[in-house]
Amino acid sequence: MEQELTPSESLKLIETMIGQAKSSFSRMSFYFLMWGVLLLAAMVTTYMMRDAGDAWAHGAAWGVAGALGGIISSIYGFRQGKKEQVANPMDRVVGWIWGAFVITMLLMMFAFAGTGRDPGAAITLLTAMPTFLTGQVMRFRPLIFGGLLFWLSGMVMFYSGNDTVIVSAYCIAMVFGYIVPGILLKRQEDGLRTA
Amino acid sequence: MAFAPLDPVLHNQLRLAIVSLLVSVDSADFNFLLEKTGATRGNLSVQITKLKDAGYLTVKKTFKDNYPNTRCSLSAKGLKSFEAYVQAIKEYLGSAES
């Protein structure tokens, strides 16, 4: 890479390099896969224990999943941060989006707990926003579709009074909104790493 | 029509590649630039130093997992020069087409 350039070669080189830098996103598939599996397990556990009458019927599984996911995410994020070769502004934007989501979700859980109402439908609707925005920022259609699915499932959960319908709507959103996009994203990330 | 002269600091394949990579990220480390440009370590190091001396890059040397790590980011002067360079080559290309 030493020789002088013609103006058209310069422009082509600039476009190629900018394209390469822009495609250098952090590995995010892990978060979608891990949270997808954890939250799906929490919902199924809560549903199966709904007649148990103890803490498991009243959200203990969500607490365990949330704490476990938070710890794993922090450790993984810290390790990834040390490994990252490039700091991409898009990563920062996605980080802020999910940070704002977590803050809003915790405040909503606190507010809902105070009134004794189930925050499930509202949190599912809220989950749609960061998922959809992440998909748009990354131009990754499965996540955009996932965001739309969370909006749809949130509305179904909001208006349905049937436990099985509510659980099914949530599980479908989690599988096709988090887990499947996570698998597809992982494939794409592995492909980029070996390319 | 008189054309603006092309910036000699940027009008070099490797230096232009480095600046183009850095223009859309906050910062990047030496290995990222090495991987994306396909340059040799020695040449990359020389060109980074030239860009740094011209005030186009900010270079931070730290340690990562007990190994030296060079992290580069584009300075305000570097960004302004890059924009002027892009404008200049667009003018060259525009005149070549007309």
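This is a predicted model: local features need pLDDT of at least 70, side-chain atom pairs count only at pLDDT 80 or more; totals for chains, interfaces and linings use all residues.
Helices (H or I, at least four residues) and strands (E, at least two) are DSSP runs, numbered from the N terminus.

Residues are numbered from 1 along each chain as its sequence is written, with chains lettered from A in the order in which they are written. Local features need pLDDT of at least 70 and side-chain atom pairs 80 or more, while totals for chains, interfaces and linings use all residues.

Strand 1 (residues 86–87) of chain A runs antiparallel to strand 1 of chain B, joined by two bridges; strands pair if DSSP finds at least two bridges between them. B:Ser27 is the bridge partner of A:Ala87. B:Ala28 is in contact with A:Gln85 and A:Val86, among others.

The largest nonpolar core has 27 residues. Such a core is a set of buried Ala, Val, Leu, Ile, Met, Phe, Trp, Tyr and Cys residues joined through C-beta atoms within 7 Å; buried means that 20 or more other C-beta atoms lie within 10 Å of a residue's own, C-beta atoms being placed from the backbone. B:Ala28 and B:Leu33 are among the residues with the most contacts inside this core. Helix 1 of chain B gives the most to this core, with seven residues. Apart from it lies another core, of 23 residues, including A:Trp35 and A:Ala128.

Technical notes: A residue is buried if 20 or more other C-beta atoms lie within 10 Å of its own, exposed if 12 or fewer, and partly exposed in between; C-beta atoms are placed from the backbone. Two residues are in contact if their C-beta atoms, placed from the backbone, lie within 7 Å. Lists of a residue's contacts leave out its neighbours within four places in sequence.
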